[in-house]
Amino acid sequence: MDTIFGGFEDLVVPRATEHLGQTDLSFGGKLLPALKICEDGGESGCGGKVWIAGELLCEYILEKSLHHLLSEATHGRRQFKKVLELGSGTGLVGLCVGLLEKNTFHDGSKVYVTDIDKLVPLLERNIELDKVQYEVLARELWWGEPLSVDFSPQEGDLQTNNVDLVLAADCVYLEKAFPLLERTLLDLTNCISPPVILMAYKKRRKADKHFFSKIKRNFDVLEITDFSKFDHYLKQRTHLFQLIRKHTV
Ligand SMILES: C[S@@+](CC[C@H](N)C(=O)[O-])C[C@H]1O[C@@H](n2cnc3c(N)ncnc32)[C@H](O)[C@@H]1O
């Protein structure tokens with residue numbers, strides 16, 4: 001697993017490559033009707049645009065969700081009724097899941113797209129644009145803060161998971177936020193049967209390896225390679241990981 005991060009140390013790309021191909025948010029016809037996304041040109045912060053790791057995560061979800069959400073990735077063994085996206089930005093990934101739920105699955109799943117307060121109006125705007133008000137809800141969620149009751153594992157003799165699936169795209173990019181993001185991931189998984197965590201990540205800075213080496217104390221970090229656009233994203237140093245909590249309650 002360590003080799004995933006080898007060979008990148010010399011690459012320092014100060015600015016992210018945004019996804020500018022907004023004209024086709026049907027992902028090559030895999031998502032119809034196509035996703036509509038309003039970007040604000042960065043007015044509300046870096047999350048106001050679509051980022052490449054979000055695009056990867058959508059591609060993966062669409063490829064692996066023929067019958068139910070991620071049914072092809074889990075061999076139909078796991079149901080994802082409550083989905084939480086961290087650092088949603090425009091909401092691209094959560095909206096993609098919400099559209100699948102609305103148009104195809106009808107499984108009664110709810111998707112929570114979350115971000116800092118400034119991004120919530122943009123998230124709400126995009127939810128309205130895609131008409132997924134029933135499937136997708138926007139919430140403020142600051143990494144590192146105590147989780148709200150909507151997301152924290154439920155108290156009891158044994159803490160059980162509240163959220164089934166956590167999605168995060170391009171959330172590892174700001175060194176000072178690394179411990180905050182780690183705290184939130186630990187809090188979400190501090191339970192029996194922790195949620196599945198899918199994290200899409202674009203390698204930009206040397207410092208990113210500090211995030212991954214730190215979280216490897218508590219999570220196995222497995223790279224997912226079995227999807228058709230793997231090589232395409234690899235060329236753009238964009239990866240998909242599953243994080244599996246090692247020691248739970
Ligand atoms: C690079 S953007 C990625 C946006 C989106 N996931 C995508 O792939 O297009 C990172 C997102 O993380 C959010 N973020 C940064 N620090 C945060 C924090 N401390 N708590 C919650 N969200 C945060 C930003 O507001 C931004 O929307």
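Reply:
**Around the ligand**

Among the 18 residues around the ligand, those that come nearest are Trp51, Gly87, Asp115, Trp143 and Ala169; a residue is near a molecule if one of its heavy atoms lies within 4 Å of it. This is a predicted model, in which local features need pLDDT of at least 70 and side-chain atom pairs count only at pLDDT 80 or more, while totals for chains, interfaces and linings use all residues. Residues are numbered from 1 along each chain as its sequence is written, and side-chain values use heavy atoms, with hydrogens and water left out.

By class, the shell around the ligand consists of ten nonpolar, five polar and three charged residues. Here Ala, Val, Leu, Ile, Met, Phe, Trp, Tyr, Cys and Pro count as nonpolar, Asp, Glu, Lys and Arg as charged, and the others, Gly among them, as polar.

A polar backbone atom of Trp143 is 2.9 Å from a nitrogen atom of the ligand. At Asp115 the side chain takes part: one of its polar atoms lies 2.6 Å from an oxygen atom of the ligand. A polar contact is a pair of N or O atoms within 3.5 Å.

Taken alone, the ligand exposes 590 Å², and the protein buries 95% of that; accessible areas come from the Shrake-Rupley method with a 1.4 Å probe. The space taken by the ligand is the largest pocket. A pocket, on a 1 Å grid over the protein atoms alone, is an open set of points where a 1.4 Å probe fits, with protein on both sides within 12 Å along at least five of seven lines. A molecule sits in a pocket if more than half of its atoms lie within 2 Å of its grid points.

Terms used. A polar contact is a pair of N or O atoms within 3.5 Å; within protein, one must be able to donate a hydrogen and the other to accept it, and residues adjacent in sequence count only if both atoms are side-chain atoms. On a 1 Å grid over the protein atoms alone, a cavity is a set of points where a 1.4 Å probe fits but cannot get out, and a pocket is an open set with protein on both sides within 12 Å along at least five of seven lines; lining residues have an atom within 4 Å of a point.
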